[in-house]
Amino acid sequence: MSAAEPFAAIRFPTSGWRALVLDQRRLPWAEIVDEVTTWEAMALAIGDMRVRGAPAIGVAAAYGMALAAHSAPPATSAFITHMERAAAGLTATRPTAVNLAWAAGACLSHARSVAPLGPDERAESCLAFARALHEADVASCRRIGELGAALLPDEGTVLTHCNAGALATGGYGTALGLLRAARAMGKRHRVLASETRPYLQGARLTAWELSRDGFDVSIVCDNMIGHLLAKGQIACAVVGADRVARNGDVANKIGTYGLACLARLHDVPLYVAAPLSTVDRDVSDGDAIPIEQRSAREVVELDLPGGSVRIAPDGVGALHPAFDVTPARLVTALVTERGVASPLNDASLAALFGG
C-alpha cells in the first residue's frame, strides 16, 4: 500500500461477495487483509478489533448485512428473520459505539423494504445500500474536515488521542480529517499522537497513518500529556467520538476524559469530530451510555509480531473499561458534517438536527 493511494479499513470489491478487512491488530508490522464472506465472520472481525473505530464498524456492519442478504433463505418471512438475527448479532459485538447499531438498523429497515423481491435482486439492493452508506461516511468525513480545519491555528502542535482517521472511518477520518483538510488549506501542524494504552491505537495506528501521509508526527506516552500542556507545548487537542449523548456528553476511547480535564485546566481547546450519526438522541446524558468492558488480557499482555508478551506478574488481573465519558462542558466544540456545535449542549445539538 503506497503512501500516494487512498485507503480505508474495509472495502467491498465489485466482483465476488466478499469484504476485505485490513487487520488493524497487525499494524504497523504488517498489512494483512482478511477476506470476509459471512455476516458471522464480520461480527467476529468487529469483536476482535480487526476493524475498529465507530464509523468504520458501522460500515463493516452494513457490509455484514449485505453478506447476510446474499446467504439468506429465499422465502420472504425466512429472509426477514435471517436479517433480524444478523442485525442483532452484529450490534451485540461492540456496545458503546452507536454507529454500529445505527448502521445495522438502517440496513435492516432497507432489507425489510426489499424482502418481497427475488433473492438475487434483494441481495444486490442491500449491497447497494451498504455501498451508499460507506460513500456517505467518507463524504461526511471530508465535510467535517473542511468545517473543523477552520478552528485549528495556522501552525503549532496538535494532540490527538486513539485513532480517528481513515482507519477508523470509511476513509479520510474525523479528527485526522481536520488535520488533512488543514494541511490542504496551507496550515502547518506538528502532530502528537498519544500512545493510547492499553491497545496502542495512537502508537500503532495514528502514527502509521499520519507518517504514511507525510505528516510531522511524534508519539507521546499518555502520562506525558499533563507535562506538555503545562509547558505550553500543545496548541489544541482533536479527538473523535464513539457516542454523543443528547446533552453533548461524549464517550470516546479511555483516557479522553483525563485529557479533557487537563486541557481545560490549561485553557487549551478540545475539539471533538464525529458524524451526526454518532449522536444518540435516545440517550439523555453520559451516565446512560454503556461502557464496554474488554478483556484484562489486553492490559496485562502486549501483542507483538512474535506473539503475546505478559508484562504483569502471573495471577494479577486488570480492569479494562474501553471508553470514558467527557462532560459536554469540557468540549470546546463538536464538529459534524452538519455544522459546529459550540458551546456543546442540548440546544446546539438540536440545532444540527434542525430543531
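Colleague: What order do the strands of the open sheet come in?
Modeller: In this predicted model, the order is β6-β5-β4-β7-β10-β15-β16, seven strands in an open sheet with mixed pairing.

Colleague: And which are the edge strands?
Modeller: Those are β6 (216–220) and β16, each of which pairs on one side only.

Colleague: How much are neighbouring strands turned against each other?
Modeller: On average by 25°, with direction ignored.

Colleague: Let's zoom in on β10 and β15. Is the pairing there parallel or antiparallel?
Modeller: Parallel: β10 pairs with β15 (residues 333–336) over three bridges. Within that region, Y271 stands opposite A333 of β15.

Colleague: What's the phi of M49?
Modeller: About 75°, a positive value although M49 is not a glycine. Most residues other than glycine have a negative phi. M49 belongs to the loop between α1 (39–47) and α2 (54–71).

Colleague: Is M49 buried or exposed?
Modeller: M49 counts as buried because its relative accessibility is 2%.

Colleague: How about D267, buried or exposed?
Modeller: D267 is exposed, at a relative accessible area of 70%. D267 also has a positive phi, about 55°, without being a glycine. Look for D267 in the loop between α9 (256–265) and β10 (270–273).

Colleague: One more residue: where is H320?
Modeller: In the loop between β13 (307–310) and β14 (323–326). H320 is buried, with a relative accessible area of 8%.

Colleague: Which backbone oxygen does the side chain of H320 reach?
Modeller: That of S295, at 3.0 Å. The H320 side chain also has a polar contact of 3.5 Å with the side chain of E298.

Colleague: And which residues does H320 touch, leaving out those up to four places away in sequence?
Modeller: H320 touches P198, E292, Q293, R294, S295, E298 and V299.

Key. Residues are numbered from 1 along each chain as its sequence is written. This is a predicted model: local features need pLDDT of at least 70, side-chain atom pairs count only at pLDDT 80 or more; totals for chains, interfaces and linings use all residues. Side-chain values use heavy atoms; hydrogens and water are left out. Helices (H or I, at least four residues) and strands (E, at least two) are DSSP runs, numbered from the N terminus. Buried means under 20% relative accessible area, exposed over 50%, partly exposed in between (1.4 Å probe, protein chains only). A polar contact is a pair of N or O atoms within 3.5 Å; within protein, one must be able to donate a hydrogen and the other to accept it, and residues adjacent in sequence count only if both atoms are side-chain atoms. Contact means heavy atoms within 4.5 Å. Two strands pair if DSSP finds at least two bridges between them. Axes are lines fitted to C-alpha atoms, for helices over the stretch in contact, and angles run from 0 to 180 degrees between N-to-C directions.
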